[in-house]
Amino acid sequence: MAESEQVSEDIIIEAREVRYSYEEGGQPSLDGVSLKIERGKKVAFMGANGSGKSTFFLCCNGIYRPDSGTVLVAGQPIDYSRKGLMAVRRSVGLVFQDPDNQLFSASVYQEISFGPMNLGIPEDEVRREIERVMDYLEITPFRERPAHALSGGQKKQVTIADVLVMHPDVIILDEPASALDAKHTKLMNQIVDKLAKEGITILMATHDIDYALEWADEIVLMHEGKVLLQADPVTVCESREALAMTNQEEPAVLKLFRRLVERGVLEEGLRPPVSFGQLERYIAEGR
Amino acid sequence: MAESEQVSEDIIIEAREVRYSYEEGGQPSLDGVSLKIERGKKVAFMGANGSGKSTFFLCCNGIYRPDSGTVLVAGQPIDYSRKGLMAVRRSVGLVFQDPDNQLFSASVYQEISFGPMNLGIPEDEVRREIERVMDYLEITPFRERPAHALSGGQKKQVTIADVLVMHPDVIILDEPASALDAKHTKLMNQIVDKLAKEGITILMATHDIDYALEWADEIVLMHEGKVLLQADPVTVCESREALAMTNQEEPAVLKLFRRLVERGVLEEGLRPPVSFGQLERYIAEGR
Amino acid sequence: MSKKEKILLKASIAFALLFAVTPAVNAMHIMEGYLPPSYCVTWGVICIPFLAAGFISLKKRLEENRKSITLIAMAGAFIFVISSLKIPSVTGSCSHMTGTGLGAILFGPSAVSILGIIVLLFQAVLLAHGGLTTLGANTFSMAVAGPLLSFGIYKICSRLKVNRKVSVFLAACLGDIFTYCVTSIQLALAYPSESGGVAASAVKFLGVFAPTQLPLAVIEGILTVVIVIGLESY
Amino acid sequence: MIAVDKLCYRSKLRYVNAGEKFTYSMLTLLFCIVSRSFVLSGAVLMVNTTLTVGKGGIPLRRYISLMAVPSAFLILSTLAIIVNISKIPLDGYALPVGTFFITGSKASVLFGLRLIVTALAAVSCLYFLSLNTTMTDIMSVLGGLRCPKIVLELMLLIYRYIFVLMETASAMLVSQKARLGNKDLKTSLRSFGRMGSGLLIRAFQRSGTLYDAMESRCYDGRIRVLEEQHPAKPSEIALIISYELVLLAYTVWRGVA
């Protein structure tokens with residue numbers, strides 16, 4: 001008993017049998033989701049469009065209230081009073097997939113100030129914070145431009161700044177790299193790594209299994225409103241049935257590794273590689 | 001002289017020193033683009049957001065008229081009269097990146113009928129064509145649904161049908177796989193392959209260099225409104241300077257291949273592989 | 001305040017309480033089937049000149065620039081969306097903007113008449129706000145009278161160099177109140193009071209809708225100011 | 001997103017000829033408001049409920065909640081009609097308040113009740129149309145009725161973009177909420193307003209791209225599109241005609257009597 005309590009202190013987000021339908025009596029979007037996310041982890045959420053990832057994210061900061069089941073943040077069930085929600089939303093920040101659906105202000109500065117101003121932080125401090133976060137996320141070069149004239153990648157940077165400026169414990173990113181060019185994908189990945197290093201828990205929806213394999217501490221594979229599998233990336237990526245069920249391809253690096261093992265080029269029993277660098281060493285050394 | 005004329009018959013799209021600015025006297029979006037696309041080829045356009053890919057596409061079917069320079073379709077300079085534009089737009093079909101910017105009608109049937117009706121094709125024939133194209137692109141299962149109830153992937157299928165129903169010689173796809181999940185990315189790739197097999201010339205903007213390497217006959221690398229490099233995929237992907245300039249990563253398969261050659265695992269002089277399958281054979285056989 | 005009015009006020013407060021428990025508030029659209037046929041036709045006919053004027057100006061705009069078709073359509077979709085979203089309110093009941101003042105200020109009263117009738121048709125069919133037989137009466141109050149007044153106030157205020165925020169607020173708020181007055185009079189004309197005729201009936205209709213419409217008009221005014229000023233900063 | 005719109009695509013009567021459904025609902029609506037009779041309205045209400053719920057397959061609970069949408073208007077307006085404040089009590093009811101009476105005549109109470117039933121029956125006609133006919137089909141009926149082309153084209157585009165903009169608007173509101181934009185009334189109003197201006201800017205940006213996309217498919221200033229056809233069935237037409245004739249006969253008979 002004592003042990004389970006101790007463990008739960010490290011659980012930043014927990015879902016217990018969460019069910020949610022957009023329409024009363026309609027198809028459930030979440031059909032009994034139970035999972036635990038440890039503080040400081042990098043967790044990739046994968047699954048087809050419509051498998052419930054985004055709905056789950058919106059339950060994590062109390063935008064949607066489950067029809068049944070409980071979401072706990074930092075060990076406390078979400079309190080759906082006005083005050084309780086404010087606390088949860090401060091602690092769990094949400095970055096949407098399409099920046100055009102998140103940004104509504106005329107200027108970058110105004111946009112970023114929205115959250116902290118709502119927190120009632122004194123203006124001076126808000127200004128300092130904005131400068132800090134703009135600098136940190138490399139927004140300063142285009143800070144003067146109106147929000148609607150930014151490129152897709154720049155908009156994305158601003159959407160992260162929006163949330164980061166509120167000092168959340170958890171940042172949820174819904175497909176941060178979709179529709180970005182190579183430069184911004186790289187930048188986005190750097191930013192995400194930076195955040196993770198600061199100890200912020202990161203939940204990220206992504207369709208890029210190669211990236212998830214290399215980046216994540218854990219993958220949550222969702223299917224039709226349920227958690228099909230939650231495990232470390234290699235375990236998930238080697239569960240070929242689960243991948244097939246969710247129409248996911250096997251990551252290229254694992255596929256090549258598996259084929260080489262099958263052909264006898266590499267020995268059996270090697271730890272599956274998560275990056276091509278690792279595979280390269282296997283091949284070079286196993287020769 | 002005779003020879004160059006003969007060659008030009010196979011050139012379906014040609015640009016000669018095309019310049020275009022959105023604002024008069026403003027930053028040019030296309031800054032002297034010259035290129036030739038052969039009929040029946042699969043050409044990937046790569047480059048950062050804002051490098052001019054989309055602008056160039058809109059010049060190819062006469063939506064934008066270059067400030068200077070010429071665009072030729074099937075050897076003829078585009079005729080910007082009403083009639084001339086109709087002919088060009090019939091022959092060069094454009095699929096936009098965001099389906100919500102292309103689908104103007106709530107009904108899939110109405111949407112697909114728009115193009116052929118504008119061409120003045122008799123109603124019966126239009127109806128037959130719509131059925132054919134819906135069947136071909138696997139739209140039939142959701143044809144009765146309104147556009148706003150379609151998933152992102154389904155909308156994408158309809159946008160392709162919109163264009164395909166007009167029997168174009170060229171189809172231009174602006175990032176067809178962006179924001180799609182694994183299942184729909186696969187479907188989209190299958191559709192594109194099907195079109196290519198029918199001899200339709202395909203121009204596709206993409207940020208996915210691994211895909212471009214494997215899929216394309218040719219890659220056009222754009223940078224700041226100019227063509228930086230136009231060549232076969234391997235040549236482009238091995239031009240590390242050009243890739244670095246456009247912030248493009250080296251494709252994973254080529255990187256691994258190069259490293260293995262450098263380490264002496266694979267012999268020098270092998271033809272660079274375009275897919276992991278090919279690399280796998282090299283490794284297995286070169287052992 | 002006369003005694004009669006005091007009683008009326010009390011009665012309307014009672015109605016308002018009753019009103020607070022009803023789920024959706026779209027009180028200023030006259031519902032389907034609520035007007036006698038002759039009134040449906042009459043209000044329809046009264047709208048015709050305004051709609052015709054709107055139609056002609058629209059056509060002219062399209063001839064000048066064909067590209068404006070998608071722009072005008074977006075404006076129409078925008079008015080529909082902004083007037084069908086729940087707005088924050090004091091009482092917690094759910095209410096909507098009318099969008100009349102906003103539309104008139106942004107797009108001018110002539111464009112708003114045609115867009116207005118389309119939006120009202122969609123509202124009737126998709127949301128059951130208003131109705132088909134009452135389309136004429138609703139068009140007059142919400143797409144003709146309200147926007148014309150809003151636009152007039154807005155123009156007068158800007159000529160008098162009134163502060164922009166104030167003039168936008170007055171245009172939207174008074175436009176909303178005017179719409180509500182016109183609707184009340186439309187109802188009163190169709191249903192005169194047994195004791196006191198049309199005038200007494202109008203007072204009664206104004207009275208029952210006042211508790212919801214007056215705060216709503218203020219909120220509409222505020223929201224319109226935020227939107228219009230917001231647009232200027234782009 | 002819009003309940004009626006969602007339901008109509010699932011209706012089992014969706015593929016019945018739109019002209020038939022339109023004619024049926026409009027004529028019935030007309031007889032309702034012309035006759036203003038308990039009997040006719042009651043019958044219409046029952047028939048439409050049977051058709052929409054029974055034949056169309058719209059869940060009864062959804063139907064009832066939709067029928068309640070105009071209830072606020074209905075209750076308030078009808079109260080305004082049947083409640084009078086007068087020095088003389090009328091014959092229906094009278095509550096003394098000081099020297100006045102809150103009062104109404106029998107006739108007016110009856111009138112009010114009849115109005116309620118008529119209006120509900122009329123709403124059921126509207127719902128018969130909208131819960132069983134897609135907006136696209138309704139627009140093609142309007143096209144057949146010589147509605148000006150420009151208006152129809154605008155309707156076509158507006159209908160489509162209502163949903164696109166609605167999605168953007170609700171996403172923006174959610175994102176504001178996630179950043180505490182609904183902390184109190186003042187903040188909520190400011191958030192809503194700023195969403196409004198952001199939405200309009202985005203809508204205008206879309207309008208340009210949309211026009212390019214239409215032009216690239218040879219748009220020449222006139223939207224010509226085809227619909228799928230669902231021809232009218234003679235048996236259904238006969239049924240509609242006989243039903244409407246009965247309503248007509250009843251309306252005329254009552255008018256004469």
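Ring pairs link Tyr34(C), Tyr191(C), Phe209(C), Phe73(D) and Phe111(D) into a cluster. Rings of Phe, Tyr and Trp (its six-membered ring) pair if their centres lie within 6.5 Å; planes under 30 degrees apart count as stacked, over 60 as edge-to-face and the rest as tilted. The model is predicted: local features need pLDDT of at least 70, side-chain atom pairs count only at pLDDT 80 or more, and totals for chains, interfaces and linings use all residues. Residues are numbered from 1 along each chain as its sequence is written, chains are lettered from A in the order in which they are written, and side-chain values use heavy atoms, with hydrogens and water left out.

**Aromatic pairs**

- Over all chains there are 31 aromatic pairs.
- One of them is Tyr191(C) with Phe111(D), edge-to-face at 5.7 Å centre to centre and 65° between the planes.
- This pair joins two chains, because Tyr191(C) lies in the loop between helix H7 (164–190) and helix H8 (197–232) of chain C and Phe111(D) in helix H6 (residues 106–132) of chain D; helices (H or I, at least four residues) are DSSP runs, numbered from the N terminus.
- Tyr191(C) counts as buried at 3% relative accessibility, whereas Phe111(D) is partly exposed at 30%; buried means under 20% relative accessible area, exposed over 50% and partly exposed in between, with a 1.4 Å probe and protein chains only.
- Tyr159(D) and Phe163(D) also pair edge-to-face, at 5.3 Å centre to centre and 90° between the planes.
- These two residues are 4 apart in helix H8 (residues 149–178) of chain D, so about one helical turn separates them, and both are buried.

**Charges over rings**

- The charged end of Lys194(A) sits over the ring of Tyr136(A), 4.5 Å from its centre; the rule asks for NZ of Lys or CZ of Arg within 6 Å of the ring centre and within 35 degrees of the ring normal.
- Arg160(D) lies over the face of Tyr161(D), 5.5 Å from the ring centre.

**Cavities**

- The count is 4 cavities of 30 Å³ or more; on a 1 Å grid over the protein atoms alone, a cavity is a set of points where a 1.4 Å probe fits but cannot get out, and lining residues have an atom within 4 Å of a point.
- The largest cavity holds about 190 Å³, a volume being the space filled by probe spheres set on the points.
- Its lining has 16 residues, and those closest to the centre are Ser107(B), Glu144(B), Arg14(D), Asp137(D) and Glu228(D).
- The second largest cavity holds about 150 Å³, and H5(C) gives the most to its lining, with 6 residues.

Definitions and conventions: On a 1 Å grid over the protein atoms alone, a cavity is a set of points where a 1.4 Å probe fits but cannot get out, and a pocket is an open set with protein on both sides within 12 Å along at least five of seven lines; lining residues have an atom within 4 Å of a point.
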